[in-house]
Amino acid sequence: QVQLEESGGGLVQAGGSLRLSCAASGRTFGIYSVGWFRQPPVKEREFVASLIWSGGGIRYRDSVKGRFTISKDNAKNTVNLQMNSLKPEDTAVYYCAAQSVVDLAYEYWGQGTQVTVSS
């Protein structure tokens with residue numbers, strides 16, 4: 001089993017920055033990649049960014065390219081999402097998820113953290 005815990009959400013004005021962290025624990029050797037997803041109010045959950053746990057393979061959704069940066073702290077088994085130039089449309093509950101090496105499904109999810117961007 002893998003446990004994921006997000007932190008770092010909050011309320012920020014448009015143009016501001018926030019940094020989300022996702023701490024992974026447990027059987028982390030079973031992780032292929034970690035991704036950040038978000039669910040805006042009354043919308044479907046959507047992909048934001050991901051990276052391969054062993055390194056590389058970074059991907060972003062088009063609307064956050066140039067504003068968000070995903071990175072991994074190997075010493076802490078933490079995946080961070082630095083969010084700059086935030087917009088009201090970035091308001092959502094943000095989740096981190098881990099993709100299993102066994103079937104490449106996003107099998108493990110954190111509890112989510114609220115990000116609210118005011119205009």
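Guide: Let's go through the ground rules, the salt bridges, the strands and a surface patch.

Visitor: What kind of model is this, and what are the ground rules?

Guide: This is a predicted model: local features need pLDDT of at least 70, side-chain atom pairs count only at pLDDT 80 or more, and totals for chains, interfaces and linings use all residues. Residues are numbered from 1 along each chain as its sequence is written, and side-chain values use heavy atoms, with hydrogens and water left out.

Visitor: OK, how many salt bridges does the structure hold?

Guide: There are 5 salt bridges, where a salt bridge is a side-chain nitrogen of Lys or Arg within 4 Å of a carboxyl oxygen of Asp or Glu.

Visitor: Which residues are linked in a network?

Guide: Salt bridges link Arg 38, Glu 46, Arg 61, Arg 67 and Asp 90 in a network.

Visitor: How far apart are the closest N and O atoms of Arg 38 and Glu 46?

Guide: They are 2.6 Å apart. Arg 38 also has a salt bridge with Asp 90, at 3.0 Å from N to O.

Visitor: Where do Arg 38 and Asp 90 lie?

Guide: Arg 38 is in strand β4 (residues 31-39) and Asp 90 is in the loop between β8 (78-83) and β9, so the pair ties together parts that are 52 residues apart in sequence. Strands here are DSSP runs (E, at least two residues), numbered from the N terminus.

Visitor: Is Arg 38 buried or exposed?

Guide: Arg 38 counts as buried because its relative accessibility is 3%. Asp 90 has 1%, so Asp 90 counts as buried too. Glu 46 is also buried. The cut-offs: buried is under 20% relative accessible area, exposed is over 50%, and partly exposed is in between (1.4 Å probe, protein chains only).

Visitor: What does Lys 65 form a salt bridge with?

Guide: Asp 62, with the closest N and O atoms 3.0 Å apart. Lys 65 is partly exposed because its relative accessibility is 49%, and Asp 62 counts as exposed at 63%.

Visitor: Switching topic: in what order do the 4 strands of the open sheet come?

Guide: The order is β1-β3-β8-β7, with antiparallel pairing. At the edges are β1 (2-7) and β7 (68-73), each pairing on one side only. Two strands count as paired if DSSP finds at least two bridges between them.

Visitor: How many bridges are there between β3 and β8?

Guide: Strand β3 (residues 18-26) pairs with β8 over 6 bridges, in the antiparallel sense. Leu 20 stands opposite Leu 81 in β8.

Visitor: And which strands pair with β11?

Guide: Strand β2 (residues 10-13) does, in the parallel sense over 4 bridges, and Gln 13 stands opposite Ser 118 there. β9 runs antiparallel to β11, joined by 3 bridges, with Tyr 94 opposite Thr 113.

Visitor: Last one: which residues form the nonpolar patch on the surface?

Guide: Tyr 32, Val 101, Val 102 and Leu 104, with about 380 Å² of accessible area together. Areas come from the Shrake-Rupley method with a 1.4 Å probe, and for residues only the protein chains shown count as cover. Patch residues have over 30% relative accessible area and no salt bridge; like charges are joined within 9 Å, nonpolar side chains (Val, Leu, Ile, Met, Phe, Trp, Tyr) within 5 Å. Val 102 is in the loop between β9 (92-100) and β10 (106-109), and counts as exposed because its relative accessibility is 72%.
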